[in-house]
Amino acid sequence: MWNEPSAGIALAALEGDAPRLPSPAVVASVEPGSIGEELGFQPGDRLLSINGKRPRDLIDLQVLVGEEELVLEVEDPDGTRHTVELEKDLDEGLGLGFTEALFDGLKQCNNACPFCFIDQQPPGRRSSLYLKDDDFRLSFLYGSYLTLTNLTAADWQRIEEQRLSPLFVSVHATEPELRRRLLVNPRAGLVLEQLAWFAQRNLQIHAQVVVCPGVNDGAALTRTLEDLAGFAGGDWPAVLSAAVVPVGLTRFRPAGDALVPVDRDAARQVIARVEPLQQHFQRRLGSRFAWLSDEWYLIAGLPLPPRDAYEDLPQQENGVGSIRAFLEALDQATQDLPAALPQPRRLSWVVGRLVAEALEPVVARLNAVEGLELLLYGLPSPYWGQDQVVTGLLTGSDLLSGLAGRDLGEALLLPAVMLRQGEPVFLDDLSLAELERQWPVPVRLLHGADDLVASCLGVPCQSP
């Protein structure tokens with residue numbers, strides 16, 4: 001647990017002009033055998049307060065329930081309220097999952113970055129697609145990136161007191177005027193002072209740089225990475241890693257933004273600039289520190305670096321080494337392939353066009369199994385207006401147009417990364433059920449390499 005003095009909002013202190021209480025924490029799941037199950041918690045119950053305090057989010061909640069003695073105020077779905085008193089081991093949880101991570105609302109972005117992906121979407125889709133998350137709590141809990149431009153004095157104090165580290169910060173540039181221009185926010189120029197704040201308090205971040213050709217590449221990119229590396233030394237580095245990712249532009253982006261997409265030449269220039277810096281950082285820091293996302297190599301038409309070049313994959317969720325890690329997992333999953341299948345199988349597998357070439361050796365290895373034929377389809381995205389697209393950005397309409405008239409075999413293998421987390425809905429609001437009604441074969445969702453191999457061999461998948 002965090003060593004911090006307080007968490008949540010004390011109910012007894014709310015008088016007069018006090019701020020509005022956060023919403024109750026609504027129970028979504030109860031872990032079997034947990035304290036929550038013993039107490040009779042059920043999905044839909046509302047946890048109102050813990051020891052007289054209303055949690056603002058899951059962070060507060062974890063801190064508050066860590067005490068040995070608890071007084072819980074709970075409201076049933078029918079509105080009946082209960083007070084539950086219990087004693088337990090220090091730091092032992094209740095075994096409850098909740099419908100939301102934030103109980104007092106999302107802290108949204110106050111920047112106007114011209115390359116913001118949220119602003120590059122068509123109107124009329126589900127409202128959650130237009131929420132500009134810039135919340136330090138979600139950064140701590142789930143690794144989402146924030147810019148630090150909207151933090152209040154109370155936010156900075158809470159980060160320090162609750163030791164909310166590491167956070168994930170979109171830096172883009174360290175030269176103050178350039179960062180102000182990129183984020184269209186005068187507060188954006190304070191980033192070096194903010195990094196020093198983290199360093200002084202032994203708090204840490206992972207950084208990201210979205211490269212816009214002709215804007216923050218070239219010498220500006222070198223300066224940014226060297227500035228970040230200046231906070232990466234010592235026993236407790238303030239900056240743990242820096243990911244360099246290409247800007248993604250769609251056909252819906254605002255007119256006159258003056259941005260240009262990353263092409264093969266631009267990708268090769270960035271690789272040629274960053275790789276020598278990686279070697280320099282390796283000698284100086286003992287780590288490559290700055291990481292190029294896989295997209296750079298795929299756009300450049302160059303081989304991905306070997307697995308050991310990614311060290312412990314500090315930025316895998318940001319696309320750094322994710323394809324290499326998937327290929328490594330596929331290598332392990334295909335080590336003991338049978339020579340032949342008892343019954344012939346023909347399947348199709350759809351991915352983004354950008355990654356298809358890297359996966360062809362895996363398809364060839366699987367197709368060496370007698371009786372197995374796996375058809376790989378690497379699709380573009382007419383929806384976004386991108387020919388070279390990663391798998392996670394393919395939409396339902398992309399699949400319908402790209403697979404029309406294709407031989408799908410007896411089943412279509414669909415990476416689950418295309419769907420909204422926890423819901424069978426694509427980025428264009430088409431549902432998986434709608435697509436399944438239009439395809440003549442069943443769909444099998446893939447959650448990883450083991451699922452792909454199991455589906456090809458006709459054995460039960462191990463992933464959920």
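Trainee: Let's start with the strands: in what sense do E2 and strand E7 pair, and over how many bridges?
Mentor: Keep in mind that this is a predicted model. E2 and E7 (residues 96–98) run antiparallel to each other, with 3 bridges between them. In that pairing, valine 27 sits opposite phenylalanine 98 of E7.
Trainee: And which residues make up strand E3, which pairs with strand E2?
Mentor: E3 covers residues 46–50, and E2 covers residues 25–30. They pair in the antiparallel sense too, over 2 bridges. There, valine 26 faces arginine 46 in E3.
Trainee: OK, switching to helices. Which residues are buried in helix H5?
Mentor: H5 spans residues 176–183, and Leu178, Arg179, Leu182 and Leu183 are buried in it. Looking down the axis of H5, you'd see those buried residues fall within an arc of 120°, so they line one face of the helix.
Trainee: What do they pack against?
Mentor: The buried residues of H5 pack against strand E9 (167–170), H6 and helix H7 (218–229).
Trainee: What comes just after H5?
Mentor: Valine 184, which takes a positive phi of about 50°.
Trainee: New topic, then: how many aromatic pairs are there in the whole structure?
Mentor: A search turns up 10 of them. One is tryptophan 156 with tryptophan 197: the ring centres are 4.6 Å apart and the planes sit at 65°, so it's an edge-to-face pair.
Trainee: Which helices do those two tryptophans lie in?
Mentor: Tryptophan 156 is in helix H4 (residues 153–161) and tryptophan 197 is in helix H6 (residues 191–200), so the pair ties together parts that are 41 residues apart in sequence.
Trainee: Is tryptophan 156 buried or exposed?
Mentor: Buried, because its relative accessible area is 13%, under the 20% cut-off. Tryptophan 197 is buried as well, at 15%.
Trainee: What about the rings of phenylalanine 281 and phenylalanine 289, how far apart are their centres?
Mentor: They're 5.5 Å apart, with the planes at 85°, so that pair is edge-to-face. Both phenylalanine 281 and phenylalanine 289 are buried.
Trainee: Which residues do ring pairs link into a cluster?
Mentor: Phe117, Phe252, Tyr383 and Trp384.
Trainee: Last one: where is glutamate 436?
Mentor: Glutamate 436 is in helix H13 (residues 432–438). With 33% relative accessibility, glutamate 436 counts as partly exposed. Its C-alpha atom is 9.8 Å from that of leucine 412, a residue 24 positions away along the chain.

Key. Residues are numbered from 1 along each chain as its sequence is written. This is a predicted model: local features need pLDDT of at least 70, side-chain atom pairs count only at pLDDT 80 or more; totals for chains, interfaces and linings use all residues. Side-chain values use heavy atoms; hydrogens and water are left out. Rings of Phe, Tyr and Trp (its six-membered ring) pair if their centres lie within 6.5 Å; planes under 30 degrees apart count as stacked, over 60 as edge-to-face and the rest as tilted. Helices (H or I, at least four residues) and strands (E, at least two) are DSSP runs, numbered from the N terminus. Buried means under 20% relative accessible area, exposed over 50%, partly exposed in between (1.4 Å probe, protein chains only). The arc is that of the directions from the helix axis to the C-beta atoms. Contact means heavy atoms within 4.5 Å. Two strands pair if DSSP finds at least two bridges between them.
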